[in-house]
Amino acid sequence: MSVVGVTALAVGGGALLMTDNNASAAKETPAQQAAARAGMTVKCPDVATSLSNVPQQARPAVNNELAKMDSQVADAYQRLAEPGAKADQESVRTRVLDPLTSERRQTLDRIATEIEKVQPRPSGLDSLAACTVKRDEAAAVAAADAQAAAPNTPAAGDAAPAAGAQGTGGQQQSGPQRADFVDIRKVRPNVKNPRVQAKGSKGTFSSRCGRNENKHFNSDNVIVAPGVGNGAHHMHDYVGNKKTDAFASNQVLESAGTTCTNGDRSTHYWPVLRLQDGTKEFDAGAPGGGTEGNVGRILRPTSVQLSFKGNPVSKVVEMPKFLRIITGDAKAFTNGTANANASWSCTGFENRQLKDKYPVCPKGSNVVRTFKFQSCWDGKNIDSANHRTHVAFARADGSCQQGFKAIPQLIQRITYKLAPGARNFAVDSFPEQLHKPVTDHGDFINVMSQKLMKQAVSCINSGRKCG
C-alpha cells in the first residue's frame with residue numbers, strides 16, 4: 001500500500017495526520033503501520049522565541065520551564081515513533097498530542113505566573129499549547145518505496161535497525177534521508193559579500209583554540225537552559241573555555257582554563273557531527289546521545305577556525321564581556337527557516353553554501369560547516385529573554401539597524417574529513433528535528449579579557465590581520 005497520500009485534519013486548534021481514506025488502519029500490518037510512521041514528527045509553537053519580554057528576575061524560572069517543554073516534546077516524539085505504535089488519527093491524538101498539549105498548557109500557566117510576579121501577566125500564551133504532527137515527505141517516500149520493494153518484510157522502526165541506527169536506550173535514530181544530501185558540484189555559486197567601503201573595518205582577529213582534543217562534550221546549553229542538565233537533548237562539541245556546562249556561572253567561566261593559545265576564555269560550541277557507521281559512542285545509552293536518537297561515531301574536526309571580522313561600512317566597537325550569541329535555530333525543521341543560519345559546503349567549493357542540505361563532497365574535498373554570527377549589538381544587553389533580540393544581523397549593505405552598534409563578527413569554520421561521496425553523516429539534533437541540516441547552529445559567550453578585546457578591535461579597525 002502507498003503511505004504517501006496523507007491528510008492534515010484540524011482538531012481543536014491543532015492538526016492530526018491521518019492516512020488516506022482508501023486505507024483502513026485497522027487492517028494494516030505492523031510493517032505497514034511502521035511505514036506510515038516514517039518521518040512523522042512533533043511540531044509545536046516555539047514558546048522561547050515568542051517570549052521577548054521576560055523580566056530579568058523571572059528569567060531563571062522561565063528558562064527552567066522552557067527546558068521542561070523541550071523534554072515534553074522529546075518524550076512525545078518518542079511515543080510517536082516507538083515500535084508497534086499505530087499511526088492513525090485517533091491513536092496519534094490520544095497517545096501523543098492530547099497529553100502533550102495538556103502538559104504544555106500547565107507549563108505555560110506556570111510561565112505566566114512567574115512573569116506575573118514582576119509585571120502584568122502576559123496574555124495569549126495558552127494559544128501556544130497545541131501541537132501538530134509534521135511529516136518529512138522524503139522519509140515517507142523512502143518508506144513507501146521500501147515497502148513496495150519488499151512488502152513482506154518489516155519496515156524501519158519495527159525491524160532490528162541497521163548497525164548504528166539505534167542507541168542502547170532503544171530510541172531509534174531517525175534521519176537523515178538520502179534527499180537531505182546534494183552533490184556540491186551541482187550547486188550554483190551563491191555567495192555574495194557586501195563591498196567594503198572606505199570607512200569600513202577590514203581587519204581580522206583570529207583565535208586558535210584547538211579541535212576539542214580534550215574531548216569536552218555534554219548535552220547542556222548554558223545559554224538557553226542554564227542550570228538544566230541535558231538542556232540541549234543533543235551532544236555539543238566545545239573549544240575555548242574548559243568549564244562550560246549548564247551550571248557554569250560568569251564567575252566560573254572567567255576563572256576557568258582555556259584551550260585557546262592567546263588566553264581567551266570565551267566559549268564556543270556547536271552540535272557534534274556523527275558518522276553513522278555502527279560505532280557505539282560513550283553516550284550510546286545516555287540522554288543527549290543514543291537514548292534520544294543521536295548515534296554513531298563522533299567526528300573530531302580536521303580544523304576549527306575562529307575569526308572575528310569587521311564591518312563593511314563602519315568601525316566596530318568592543319563586545320561587552322559575557323555577551324551571549326546564538327546563530328541558527330536548533331528547531332528550524334519544525335519552526336521554519338526564519339532564524340536558520342546553517343551553512344554547509346566543501347573545501348574548494350565555498351562559494352556554494354547550503355542551508356537545508358548536507359553536501360556530498362568529491363575526492364580531496366572536506367565537509368565544511370560555517371557559522372556567521374550576528375554583528376550588530378543593541379549597546380545595552382549581554383543577553384535577551386529569547387536570546388536573539390539583543391543582537392541582529394547587519395543589513396545587506398553591512399550597516400546596522402538604528403540603535404544598534406557594529407561589533408566584530410565571529411565566524412566559526414569547522415571542517416571534517418570524510419570518504420568521497422559520503423552520505424552517512426548527520427548533525428546531532430533534538431529528537432523531533434530528525435537530524436536535518438537546517439537545524440545546525442553555533443553558540444558563543446565572550447569571555448575575552450578587556451585587554452584582549454581592545455587588541456582585537458584595534459586590529460580589525462586598522463585593517464590588520466592578527467592572532
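These are my notebook entries on a predicted model of one protein chain.

**Entry 1: whole chain**

I began with the totals. The chain holds eight helices and 23 strands. Of its 467 residues, 55% are buried. I then looked up the contacts with a separation of 6 or more, and 77% of them are between residues 24 or more positions apart. The accessible surface comes to about 19800 Å². Carbon and sulfur atoms account for 49% of that surface.

**Entry 2: the five-stranded sheet**

I traced an open sheet of five strands and wrote down its order as β7-β8-β9-β22-β13. The pairing in this sheet is antiparallel. β7 (217-218) and β13 (324-328) are the edge strands, each with pairing on one side only.

Inside the sheet I checked the step from β9 to β22. β9 covers residues 267-271 and β22 covers residues 441-445. Three bridges join these two strands, which run antiparallel.

**Entry 3: strand β20**

Next I took β20, residues 409-416. How many of the eight residues of β20 are buried? I found eight of the eight, so the strand is largely enclosed by the rest of the structure.

I also recorded which way the side chains go. In a regular strand they alternate between the two faces of the sheet. In β20, one set pointing the same way is Gln-409, Ile-411, Arg-413 and Thr-415. Leu-410, Gln-412, Ile-414 and Tyr-416 point the other way. Both sets are buried, with Arg-413 among them.

I then looked up two pairing partners of β20. Strand β12 (residues 303-309) pairs with β20 in the antiparallel sense over seven bridges. In that pairing I noted Phe-308, whose bridge partner in β20 is Leu-410. Strand β16 (residues 367-372) also runs antiparallel to β20, and six bridges join the two. Here Phe-371 stands opposite Gln-412.

Lys-215 is not a glycine, yet its phi is positive at about 55 degrees.

His-387 lies in the loop between β17 (376-377) and β18 (391-392).

Is each of them buried or exposed? Lys-215 has a relative accessible area of 58%, and because the cut-off for exposed is over 50%, I filed Lys-215 as exposed. His-387 is at 6%, and because buried means under 20%, I filed His-387 as buried.

**Entry 4: disulfides**

I counted five disulfides. With the bonded cysteines counted along the chain, the pattern is 1-2, 3-4, 5-6, 7-8, 9-10.

Cys-44 and Cys-131 have their sulfur atoms 2.1 Å apart. The torsion about their S-S bond is about 110 degrees, so I noted this disulfide as right-handed. Cys-44 is in the loop between β3 (40-43) and α2 (47-50), and Cys-131 is in the loop between α4 (89-116) and β4 (132-135). These positions are 87 residues apart in sequence, so the pair ties together separate parts of the chain. Both cysteines of this pair, Cys-44 and Cys-131, are buried.

For Cys-209 and Cys-260 the sulfur atoms are 2.0 Å apart. The S-S torsion of Cys-209 and Cys-260 is about 100 degrees, so this disulfide is right-handed. Cys-209 lies in the loop between β6 and β7, while Cys-260 lies in the loop between α6 (250-255) and β9. The pair links distant parts of the chain, 51 residues apart. Cys-209 and Cys-260 are both buried.

Cys-376 and Cys-400 have sulfur atoms 2.1 Å apart. What is the handedness of this disulfide? The torsion about the S-S bond of Cys-376 and Cys-400 is about -85 degrees, so the disulfide is left-handed. Cys-376 is in strand β17 and Cys-400 is in the loop between β18 and β19 (405-406), 24 residues apart. Cys-376 is buried at 0% relative accessibility. Cys-400 is buried with a relative accessible area of 15%.

Notes. Residues are numbered from 1 along each chain as its sequence is written. This is a predicted model: local features need pLDDT of at least 70, side-chain atom pairs count only at pLDDT 80 or more; totals for chains, interfaces and linings use all residues. Side-chain values use heavy atoms; hydrogens and water are left out. Two strands pair if DSSP finds at least two bridges between them. Helices (H or I, at least four residues) and strands (E, at least two) are DSSP runs, numbered from the N terminus. Buried means under 20% relative accessible area, exposed over 50%, partly exposed in between (1.4 Å probe, protein chains only). A disulfide is a pair of cysteine sulfur atoms within 2.5 Å. Contact means heavy atoms within 4.5 Å. Accessible areas come from the Shrake-Rupley method with a 1.4 Å probe; for residues, only the protein chains shown count as cover.
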